[in-house]
Amino acid sequence: MTGREFRRLMMIYGADLRRWPASRLAAAEKWQAAHPEFGGELRRTAEMDRLLRDVAPLVESSRVDRVMEKVLRKAEEERAVPELPASLLPPFAVPLRVPWLQRRWAPQGMLYLGLFFLGCAANLAVRLLTAETPLDLWFASNLSLPLGG
Amino acid sequence: MSGDQGWDGREALDDMLMQQVADGSRSAFETLARRHLRRALAVAQGVVGNPNDADEIAQEAFMRVWQHADRWTPGRARFTTWLHKIVVNLSLDRRRKPQWVAIEAAGDLVDNDEAAPDAIAHKEHQAAVARALDAIPPRQRAAITLFYFEGLSGKDAAEGMGISVSAFEQLLLRARRAIRVELAAVGFHADEVLS
């Protein structure tokens, strides 16, 4: 380890070598032991660490209790909202955040899809059977070209 | 810190509680919240600075735990890492100006004539650190909060912020440089060799 690397790690992680990355600890301790003249700089860094810890926010127990009460009340309110049974969910109701390939399709969705196509087929059949103009005449009058007027 | 004895036991307990919360257990949720709410409040306040905002953030974070517990996969990541991520992200989303309580704590240094010079200097230094924390970007504040205030290891703190260890180190480095500049302005010189 070089002096520059030691200082860089000290600047990042502070003066307490035990908090440095484990992979660098042995090398750092060796460097420190070989450079006792560096003690003053380490002490100043330790003082800065202490100043940092001193400004850490304090959270009183009464505040924790107050917020805890709110959290539990809100969780209870959420639970109080009745969930719809699966059979009443609209078809294809799946969470939007589930990736497309991982979505599980609701079985009743297939039933709705089948009914839709059946309805379409029935509608077409009724239209054809009840049409005022037979299809061959309709094609002849609409799709043929008048020749020679 | 991750190296603490009994960490595995606490982690396993969190995993078990989360599974119960996913099954809709309110008592498990209450136990889990009681174990971690103080930490969530401290992290949020460390980042946003304002206690009222921090309360709302911690509350929102635990509601997300309650709502999304079914997405939790035991053994994949620590619960605390997941919680830190939620709290840090919610805190970073808040764009209000932080108001550091430590500045208020330093307010009595002017009229305290009888205080020892060392104590006065210490107050001045604290105020300088608070000013620096107030001025740095929220992500740097989050890095300081997780590592120095909460005592997480560099690796755990980086995971809690969802960034690489080297990116986390850069945030800490910049934050400490900014603090050093403020401290130098009041006559305190720390780590002055590194430029």
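Guide: Start with Lys155(B) and Glu159(B), which sit four residues apart in helix α8 of chain B, so about one helical turn separates them. This is a predicted model. In it, the two side chains meet in a salt bridge, 3.2 Å from N to O. How open are the two partners? Lys155(B) is exposed, with a relative accessible area of 52%. Glu159(B) is partly exposed, at 33%.

Now take the helix as a whole. Helix α8 of chain B covers residues 154-161. Is it mostly covered or mostly open? It is mostly covered, with six of its eight residues buried. Those residues are Gly154(B), Asp156(B), Ala157(B), Ala158(B), Gly160(B) and Met161(B).

What lies over the buried residues of α8(B)? Part of the cover comes from chain B itself, including α4 (79-93), α7 (138-149) and α9 (165-185). Chain A takes part too, through α1 (3-13). Just past the end of α8(B) comes Gly162(B), with a positive phi of about 70 degrees.

Follow two of those covering helices next. Glu169(B) forms a salt bridge with Arg8(A), and their closest N and O atoms are 3.8 Å apart. Glu169(B) lies in helix α9 of chain B and Arg8(A) in helix α1 of chain A, so this pair joins two chains. Glu169(B) is buried, with a relative accessible area of 11%. Arg8(A) is partly exposed, at 30%.

Helix α1 of chain A holds another partner, Arg7(A). Arg7(A) forms a salt bridge with Glu41(A), with 3.6 Å between the closest N and O atoms. Glu41(A) belongs to helix α3 (residues 39-54) of chain A, and the two residues are 34 apart, so the pair links distant parts of the chain. Glu41(A) counts as buried because its relative accessibility is 7%, and buried means under 20%. Arg7(A) is partly exposed, at 23%.

Step back to the meeting of the chains. In all, 42 residues of chain A are in contact with 56 residues of chain B. The area buried between them is about 4,600 Å², and carbon and sulfur atoms give 63% of it. How many salt bridges run between chain A and chain B? The count is five. One salt bridge joins Glu76(A) and Arg26(B), at 2.4 Å from N to O. Over all chains, the structure holds 20 salt bridges.

Chain A has six helices and zero strands. Of its 149 residues, 26% are buried. Chain A exposes about 11,000 Å², with 62% supplied by carbon and sulfur atoms. One nonpolar surface patch, of about 440 Å², is made by Met110(A), Leu113(A), Phe116(A) and Phe117(A). Phe116(A) lies in helix α5 (residues 107-129) of chain A.

Last, a word on confidence in chain B. Its mean pLDDT is 82, and 81% of its residues reach 70 or more.

How values were computed
Residues numbered from 1 in each chain as written. Chains lettered and ligands numbered in written order. Predicted model: local features only at pLDDT ≥ 70, side-chain atom pairs only at ≥ 80, totals over all residues. Heavy atoms only, no water. Buried < 20%, exposed > 50% of the residue type's maximum accessible area, 1.4 Å probe, protein only. Contact = heavy atoms within 4.5 Å. pLDDT = per-residue confidence, 0-100. Patch = residues over 30% accessible without salt bridge, like charges linked within 9 Å, V, L, I, M, F, W, Y side chains within 5 Å. Areas by Shrake-Rupley, 256 points an atom, 1.4 Å probe, with all protein chains shown as cover. Salt bridge = Lys/Arg side-chain N within 4 Å of Asp/Glu carboxyl O. Buried area = accessible area lost by both parts, 1.4 Å probe.
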